[in-house]
Amino acid sequence: MITRQTILDLAGVNQNPCISIYIPTHMMGEEIQQDPIRFKNALKKVEDKLAEQHNNDTKNHVLLKEARELLDKPMFWQQSDKGLAVFITEGMFEYYRVPLEFEEQILVADHFLITPLLPMITLEGTFCILALSQKNTRLLRATRDAIRPIELKEAATSMEEFLQYHDEDPGVRHHSIQGMGGGKTKSHYQSEGGIFHGHGTEDTTDERELVNYLNQIENEVTSIMRKRNDPLILAGMEKAVAEYRKVNHYSRLMDETIFHNPDDLTDEVVREKGWEIIRSYFLRDMYNDLERFADLTGSEKHSDNLTEIVQASYYGKVDSLFVPIGEQSWGWFDEERDTVHHSSGQQNGEHDLINMAAIKTISQGGNVYALDREEMPQKKPIAAIFRYA
């Protein structure tokens, strides 16, 4: 998984040559067969660039050995995601399957190309989902790309288990909760406003049992969540969710809810629905910085000038940087003369200035956000907020 630390580690590598390869890949279908061919062609382009730089052929062969070996591993290409990122330098070969649709990009320089990965850290983080059900209440820990269960060791996670140990009348155990999911027993009734189904029981009894069931779940879930401090999303039918909110004591419970019977959903589908909710939460800092940039109009504490931003990034002046996804601008920074040189294309010894500004900013504790050009502040090719004027 790509994290901020992953990118910091890549940004910290400075040796020649550093090889970065980004290609789109496919998760299923006949197009999977084209992925190794695309990667083979990318390796050929890398070889050509290395030759242009007069690198030793033997050294080049060793550098690319592990990458070439991937071409002979059919199972590797059967387990792909939307994109593949590969990083190679002497003594290092790393690859990442990424849920981003990359455009093909190749860089051979004295540093790695990190800007295509930046959307991953804008959206990194973990969150939890509590799926409320009378059959199988489950607590799940999720990220953008994965989900796994968190065991509830103390709480009863089904109504049957709860009633077995908590029902005052052991003979009455065929209740089912309206709005909790899990179906109905043969002997049931549904009155207006009722939460429980159960022959011969009062709605007040049903509601009390529901509250007690949810209370014992909430006690353990809140204990777990306070240690994790992740945002928590509820999944379940409307009435069950409403009752849980009444007994909840966890401060980071999200207002948005997955209103669906969770018994009908796999963990992966629950994660997808949770991600739709949590995505904007993880983007909150970026939205705040976009507003801050707009508020600084006319101030010297912000800029949309590439030359000025590159200079500032080298000196640790950039607090937040906005870069356009998939765009590059070539040149180099002369630190002795404090001058940025620009060119129309990549030349030997020149850098992608946008990539270098991102490397310098993130390496010095700044925030870097990768956006589509249409989402960039004032649709500019680059933008930054400075720590000081």
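What is the volume of the largest pocket? About 920 Å³. Hi everyone, let me walk you through this structure, starting there.

First, some housekeeping. This is a predicted model, where local features need pLDDT of at least 70 and side-chain atom pairs count only at pLDDT 80 or more, while totals for chains, interfaces and linings use all residues. Residues are numbered from 1 along each chain as its sequence is written, and side-chain values use heavy atoms, with hydrogens and water left out.

Now, the pockets. On a 1 Å grid over the protein atoms alone, a pocket is an open set of points where a 1.4 Å probe fits, with protein on both sides within 12 Å along at least five of seven lines, and lining residues have an atom within 4 Å of a point. Points are joined across faces, edges and corners, and the volume is the space filled by probe spheres set on them.

The largest pocket has 38 lining residues, and Pro99, Leu100, Pro119, Leu123 and Arg144 are the ones nearest its centre. Two or more lining residues come from each of strand S3 (92-98), helix H5 (118-122), helix H10 (284-295), strand S13 (318-324) and strand S17 (367-371). Helices (H or I, at least four residues) and strands (E, at least two) are DSSP runs, numbered from the N terminus. By class, that lining holds 22 nonpolar, five polar and eleven charged residues. Here Ala, Val, Leu, Ile, Met, Phe, Trp, Tyr, Cys and Pro count as nonpolar, Asp, Glu, Lys and Arg as charged, and the others, Gly among them, as polar.

The second largest pocket holds about 360 Å³. Its lining has 14 residues, with Ile121, Thr122, Glu124, Phe282 and Asp285 nearest the centre. H5, helix H9 (267-282), H10 and S17 each give at least two residues to this lining.

On to the sheets. Two strands pair if DSSP finds at least two bridges between them. Within it, four bridges link S13 to strand S18 (residues 383-386) in the antiparallel sense, and Phe322 stands opposite Ala383 in S18. Contact means heavy atoms within 4.5 Å; axes are lines fitted to C-alpha atoms, for helices over the stretch in contact, and angles run from 0 to 180 degrees between N-to-C directions.

The other open sheet I want to show has five strands, ordered S7-S6-S5-S10-S11, again with mixed pairing. Strand S7 (147-150) and strand S11 (253-259) each have a single partner strand, so one side of each has no neighbour in the sheet. From one strand to the next, the twist averages 30°. Strands S5 (residues 127-131) and S6 (residues 138-142) run antiparallel, joined by five bridges.

Finally, helix packing. Helix H1 (residues 4-11) and helix H12 (residues 353-363) pack at about 115°, with axes 10 Å apart. In that contact, Arg4, Ile7, Leu8 and Ala11 of H1 meet Ile359, Ile362 and Ser363 of H12. H12 also meets H11: their axes come within 8 Å and cross at roughly 35°. By class, this contact has seven nonpolar, two polar and one charged residues.
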